[in-house]
Amino acid sequence: MITLGEGDTPLLPAPRLSGRLGVEVFLKWEGANPTGSFKDRGMALAVSRALERGATGVVCASTGNTAASCAAYAARAGMRAVVVVSAGAVARGKLAQARALGAEVVQVAGTFTEAFRKADELAESRDLVVVNSTNPDRIEGQSSAAREVVEQLGRVPDILALPYGGGGNTVAYAVGFGERLPRFVLGEAESRADTFASAIRIVEPVHRLEVGGVLKRSGGTCVPLSERQLEEAWRLIARDEGVFCEPASAAGVAAVAASVTAAGQTVVCVLTGHGLKDPDATGRLAA
Ligand SMILES: *Cc1c(COP(=O)(O)O)cnc(C)c1O
């Protein structure tokens with residue numbers, strides 16, 4: 001197994017946020033993973049399985065964190081990594097990680113969907129394994145987070161809140177919880193094409209149908225969020241609780257704040273990535 005010590009991240013009580021929102025909030029701090037995002041859980045398994053099957057290289061399309069994670073685990077495995085990103089759309093810290101870790105960075109002029117198509121092409125022409133969340137090993141690896149939450153909390157929470165980009169993480173949590181799902185509250189950018197929360201700047205979520213199924217089964221909801229709502233939740237997580245996550249990670253908290261929730265419910269908000277990934281966004285926090 002190729003590992004960098006991913007998982008076993010803290011579940012932090014959030015007393016001030018709880019007071020504000022009238023529910024009992026816990027923060028699942030996924031920025032504590034080796035490359036600073038939850039992607040490491042799935043990447044560890046996907047790269048391990050690719051190596052087991054004799055692959056010599058992996059490829060992914062990414063809004064940044066998948067690229068950083070892919071680069072790290074491929075280096076650890078002694079494999080080649082090619083990461084495809086949409087030019088100008090990736091936070092500085094993430095690009096720095098991918099480059100420092102030795103990945104070949106391919107930039108395409110176009111959206112994440114175009115990057116995805118290019119990654120598929122490269123997989124074919126250069127005989128690389130695709131390690132996007134369309135790879136079932138990614139989902140299986142990421143599902144560990146749900147089991148951790150249940151173990152740390154001692155039960156299934158009433159609500160699980162998380163950002164919705166492509167939807168892979170939503171699907172993975174649903175798999176991890178199994179039969180007993182919490183109510184899923186998803187936060188997505190109202191303006192998916194150009195949100196400042198670059199990790200969820202995805203116009204066509206690849207797991208849309210499965211996410212619809214999870215929402216239906218769990219009695220959940222998906223809340224479109226304005227830039228202002230994302231920014232405000234991001235600020236509160238930092239200032240109220242001392243946790244510096246990246247902007248997209250605030251979407252779960254923002255979605256809970258924007259939706260009607262019965263008082264006293266237990267809410268786990270997944271903070272998907274570390275704030276240091278995106279230093280340029282912090283200008284918005286200055287005030
Ligand atoms: C990948 C990512 C997301 C979106 O997750 P999906 O599985 O695409 O829905 C959210 N936040 C961060 C920090 C991410 O890296």
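Trainee: What is the relative accessible area of R49?

Mentor: R49 has a relative accessible area of 22%, so R49 is partly exposed. On that scale, buried means under 20%, exposed means over 50%, and partly exposed falls in between (1.4 Å probe, protein chains only). Some ground rules come next. The model is predicted, so local features need pLDDT of at least 70 and side-chain atom pairs count only at pLDDT 80 or more, while totals for chains, interfaces and linings use all residues. Residues are numbered from 1 along each chain as its sequence is written, and side-chain values use heavy atoms, leaving out hydrogens and water.

Now the partner. The side chain of R49 meets that of D137 in a salt bridge, 2.7 Å from N to O. The term means a side-chain nitrogen of Lys or Arg within 4 Å of a carboxyl oxygen of Asp or Glu. R49 sits in helix α2 (residues 39-52) and D137 in helix α6 (residues 136-142), so the pair ties together parts that are 88 residues apart in sequence. Helices and strands here are DSSP runs, numbered from the N terminus: H or I over at least four residues, or E over at least two. D137 is buried, at 6% relative accessible area.

Other pairs stay within one helix. R235 is buried at 16%, and E232 is partly exposed at 36%. In helix α5 (residues 112-126), E114 and R117 are likewise three residues apart, about one helical turn. Their N to O distance is 4.0 Å. E114 is partly exposed, at 34%.

Salt bridges also join into a network, which links K28, E30, R41 and E148. The total count comes to 16 salt bridges.

Next, the setting of helix α10. The sheet is open, with six strands in the order β1-β2-β10-β7-β8-β9 and mixed pairing. Two strands pair if DSSP finds at least two bridges between them. β1 (11-13) and β9 (221-225) are the edge strands, each pairing on one side only. From one strand to the next, the twist averages 25°. Helix α10 (residues 227-241) packs on this sheet, touching β1, β2 (24-29), β8 (183-189), β9 and β10. Contact means heavy atoms within 4.5 Å. The direction of α10 makes about 100° with that of β9. Axes are lines fitted to C-alpha atoms, for helices over the stretch in contact, and angles run from 0 to 180 degrees between N-to-C directions. Helix α11 (residues 251-258) also packs on the sheet, touching β2, β7, β8, β9 and β10. Its direction, too, makes about 100° with that of β9.

Inside the sheet, β7 (residues 159-163) and β10 (residues 266-271) run parallel, joined by three bridges. L160 has V268 as its bridge partner in β10.

Last, the ligand. It has 17 residues around it, of which K39, N65, G166, N169 and T272 come nearest. A residue counts as near if one of its heavy atoms lies within 4 Å. A polar side-chain atom of N65 is 2.7 Å from a ligand oxygen. For T272, a side-chain N or O atom is 2.7 Å from a ligand nitrogen.

Terms used
A polar contact is a pair of N or O atoms within 3.5 Å; within protein, one must be able to donate a hydrogen and the other to accept it, and residues adjacent in sequence count only if both atoms are side-chain atoms.
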